[in-house]
Amino acid sequence: DVDVVVVGGGPVGLIHGLLGALSGANVVIVERRREYVRDVWFDLTSVTDGFPTKEIMVALGMEQAGLQIKRDRSSPSVSVRCQELERFLMHRALLLGAEVWRGWQAGNFTTCPKGSLRVMSSGGARAGGVGNDYECLAFDVLVVADGGKSTMRKSLDISFSPSRITTIPSPGRALDFLSEAETARFVARHGGDFDISQQPNGIELTSKQAAGVHQVTMIARFKRQNGDCPMRRPGLRPFDVGFFFENVTSVFPRFYYEQCEMQILLTNDAGEALLAAAQAVDGATDPGGEGRQEQAALVLDFLRSIANLLLLPDACRSTPRQCDEDFAPTIGALADLLLDGEDRDREPEDESAEPFCTVRAARGKGTCDDPLLEVLREKAINVFKVQIEAVDEPVFYMDQAQSRVVVVAGDASVTAHYRLGVGVNNGFNSAVELYSLLESRGPGPAFPTIATVASTARRRVRELVQLELFSIVFEAYCGMIVQDQRIFWRRGGAADRRIERFPRAAYALSECFVPKARL
């Protein structure tokens, strides 16, 4: 018997287990991985941004624990590597009395008594030594924290679907701000994507697409030069890049220690064209191979334009503000600066700065038929659609079949858009709600505050979904720039870079009739 079973031992699962143990509960965290090795970095936001993640981590001793922490002077948030965050949270959870079973995975409810979960060992360890290869854990609270592709969510038959409805808030009769002609313009431009209607709290856009509201993004992975990631041009912030390119809304260079990735957010017109080109290179839409070189060149030339604005060549490190050289003068030069698949699996100090095809030949893989094709096939560049999916039920609820409380947390409850760490920060808020619930528990499995906590959690998830959809609609469909819910419009297009900020979102919607973007 345990009070809380947490399925998933990533950052979200660990903070739930940790705060559960802090409340005095008996906690078991079940994690299928035996080691923490993920190199991705998470942005831990401050309470001033609506998430108390950084403050919780500081209270737990993050500053004294020797974690590699990246700080940005322009933001109160900090960035931490996933594997270090996981190890830190695991150690703190163990100190508070939680058990962490690594190398175990959750099974089902059908082969155990009611109110119990079957967990199975794959040779992993647990407190007290390894006993049976499976256990039936009786619990009062089950935390589902096994990620966006959660198997536990499926076992509980919790629906998880694309979000389709976006509400654009505005005071009074929002559509009164849009003339008949402006509304007609929006419908003519986006009628195939959305239905538009007036609701008491604003303008409601309902997606007609099966995938719901979505945005195309590109990830590019670069080699390190002399031990460092490429150098960023001084003074350019992620959202500034969108002021120079009408097809780009923001660019996030995630150049942290061993990781050198750039994430580019696109308008959907440009994004769909790039996605089609990337799929043709992969052979998904062009099995015969006709035109693949041209499609690869299209993708790389687009990336080169962004890289030349945002990045500086290695020769400019000593005088970055006086340097006007291109990062990559040709697409061939860019291909040599991108990371190939095998490079990503090697230790950072072993990374080669040799041209891609030279490295390929040295490994006995033959010479490249075309280096541009090989770079895309090796996934140095990845183009894909991002959509927001969320659970359709409350994320805190009493499961009648098991007579126990179920908490759906982190990416298992709602997928994040592009700001890395949104799911983790959302998960920390969920863990605080769990702590509040456990602190108020009555005798046995009684939780008198379940209705209040469930309402708070439901509102939190709904607000997060709407915040992400708000950004996607104006960025991907309208070609505008969204920063902290402020909307900017390139009034004269990218050519003269005249920028206007909209005082109200409804006004921005009325201008959402930009012409088809061109690559």
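**The disulfides, pair by pair**

Modeller: Both Cys316 and Cys323 are buried. A disulfide joins these two, Cys316 and Cys323, with 1.7 Å from S to S. Keep in mind that this is a predicted model. A disulfide is a covalent bond between the sulfur atoms of two cysteines. How many disulfides does the structure hold? It holds three.

Take Cys112 and Cys136 next. A disulfide joins them, and the S to S distance is 2.0 Å. The torsion about their S-S bond is about -75 degrees, so this disulfide is left-handed. Where do the two cysteines sit? Cys112 is in the loop between strand 6 (99-106) and strand 7 (116-125). Cys136 is in strand 8, residues 134-138.

Buried means under 20% relative accessible area. Cys112 has a relative accessible area of 9%, so Cys112 is buried. Cys136 has 32%, so Cys136 is partly exposed.

The remaining pair is Cys229 and Cys260. Here too a disulfide joins the cysteines, at 2.0 Å from S to S. The link has -80 degrees about the S-S bond and is left-handed. Cys229 lies in the loop between strand 14 (214-221) and strand 15 (231-232). Cys260 lies in strand 17, residues 259-266. The pair therefore ties together parts that are 31 residues apart in sequence. Are these cysteines buried or exposed? Cys229 has 10% relative accessibility, so Cys229 counts as buried. Cys260 has a relative accessible area of 4%, so Cys260 is buried as well.

One further cysteine is worth a look. Cys82 has 0% relative accessibility, so Cys82 counts as buried.

Finally, a word on the nonpolar cores. The largest one has 105 residues. Leu89, Leu117, Leu142 and Phe474 have the most contacts inside it. Helix 13 (residues 450-477) gives the largest share of this core, 14 residues. Domain 1 (2-173 + 393-447) and domain 3 (456-491 + 500-513) both give residues to this core, so it lies between them.

Technical notes: Residues numbered from 1 in each chain as written. Predicted model: local features only at pLDDT ≥ 70, side-chain atom pairs only at ≥ 80, totals over all residues. Heavy atoms only, no water. Core = buried A, V, L, I, M, F, W, Y, C linked by side-chain atoms within 4.5 Å. Buried < 20%, exposed > 50% of the residue type's maximum accessible area, 1.4 Å probe, protein only. Helix = DSSP H or I, 4+ residues; strand = E, 2+ residues; numbered from the N terminus. Domains from an automatic or database assignment. Disulfide = S-S within 2.5 Å.
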